[in-house]
Amino acid sequence: MSAFSKTARTLAVLASLTWAGIAAAQTVEVAPGVQVTKKTYSAPINEQPFYGFAEKTPELRATDERFVSALTQAAGTRQRAFEETTLRGWRALGAGNTAEAAQRFNQAFLLAPEQSGVYHGFAAVVQVRFNDPAFAEELFKIARKQPNPPKNLNADYGRFLLIARRPGDARPVLEQAIIDAPNFGDAWSNLAFARIQNGDRTGACAAADEAAKRNPSVNASRDLALLKSNAQCK
């Protein structure tokens, strides 16, 4: 186990596991100039975005400072610690472990609360675990404005809008997604669906062809085959 993993695991046990119910909506500043709706859920606070907005005692703040210092030392730089932590969050989410994913994104929040990746990760957790599309979209929108947005941010946001049955909103986001990450097959696949749902059969077929060249996921490949059949793509 790496020094980074040992440090993260040891210090993570210091997080409070107090349970919180859904609170009345209000806005809270979570980073300089960044206001978010205060949304809490029935889950341990370290598994909720922004630690469930819990009030922190001086002792907990000191623990946070030690955590950030130790993780930065283990990783070499604060930015590398942030990148490693968010990567672990996405790996956990991909494995279906939303609890660990939320914990990792909370750790990333302590390291760099201004960075886009924090809000991107929280948006995914809110969407997948807590089924709160309104808050997920709020977080996606904040992520698009913050520094260092991940290349797949618009692809994920566009997919979210498609799932929400908003193809008109999804299309421009996904058009940007293929600029941000031109080799991401699933972004092209989702763009194909956005185009066909907006009445652009030719554009949909073109996007489907591009997706097929870029190793889309298994599910995307199956969906593309159906789209190309229904749209009578050549």
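Helices here are DSSP runs of H or I with at least four residues, strands are E runs of at least two, and both are numbered from the N terminus. An axis is a line fitted to C-alpha atoms, for helices over the stretch in contact, and angles run from 0 to 180 degrees between N-to-C directions.

With that settled, let's look around. This is a predicted model, where local features need pLDDT of at least 70 and side-chain atom pairs count only at pLDDT 80 or more, while totals for chains, interfaces and linings use all residues. Residues are numbered from 1 along each chain as its sequence is written, and side-chain values use heavy atoms, with hydrogens and water left out.

The protein has eleven helices and four strands. Of its 234 residues, 47% count as buried, meaning under 20% relative accessible area with a 1.4 Å probe, protein chains only.

**Two crossing helices**

Helix H2 (residues 58–75) and helix H4 (residues 98–111) have axes that come within 10 Å and cross at roughly 90°. That makes H2 roughly perpendicular to H4, a label for angles of 65 to 115 degrees. On the H2 side, Asp64, Phe67, Val68, Leu71 and Thr72 meet Gln107, Leu110 and Leu111 of H4; contact means heavy atoms within 4.5 Å. Sorted by type, the residues of this contact are five nonpolar, two polar and one charged.

**The aromatic cluster**

Searching the whole structure turns up nine aromatic pairs, that is, rings of Phe, Tyr and Trp (its six-membered ring) with centres within 6.5 Å; planes under 30 degrees apart are stacked, over 60 edge-to-face, and the rest tilted.

| Pair | Centres apart | Planes | Type |
|---|---|---|---|
| Phe50 and Phe53 | 5.3 Å | 35° | tilted |
| Phe50 and Phe109 | 5.2 Å | 85° | edge-to-face |

Phe50, Phe53, Phe109, Tyr119 and Phe122 form one aromatic cluster.

**Into the core**

Which residues touch the most other members of the largest nonpolar core? Among its 60 residues, they are Val30, Val36, Phe50, Tyr119 and Leu139. Such a core is a set of buried Ala, Val, Leu, Ile, Met, Phe, Trp, Tyr and Cys residues joined through side-chain atoms within 4.5 Å. Leaving out residues up to four places away in sequence, Tyr119 touches partners including Val30, Val36, Phe50 and Leu139.

How values were computed: Parallel < 35°, antiparallel > 145°, perpendicular 65-115°, else oblique. Nonpolar A, V, L, I, M, F, W, Y, C, P; charged D, E, K, R; others polar. Buried < 20%, exposed > 50% of the residue type's maximum accessible area, 1.4 Å probe, protein only.
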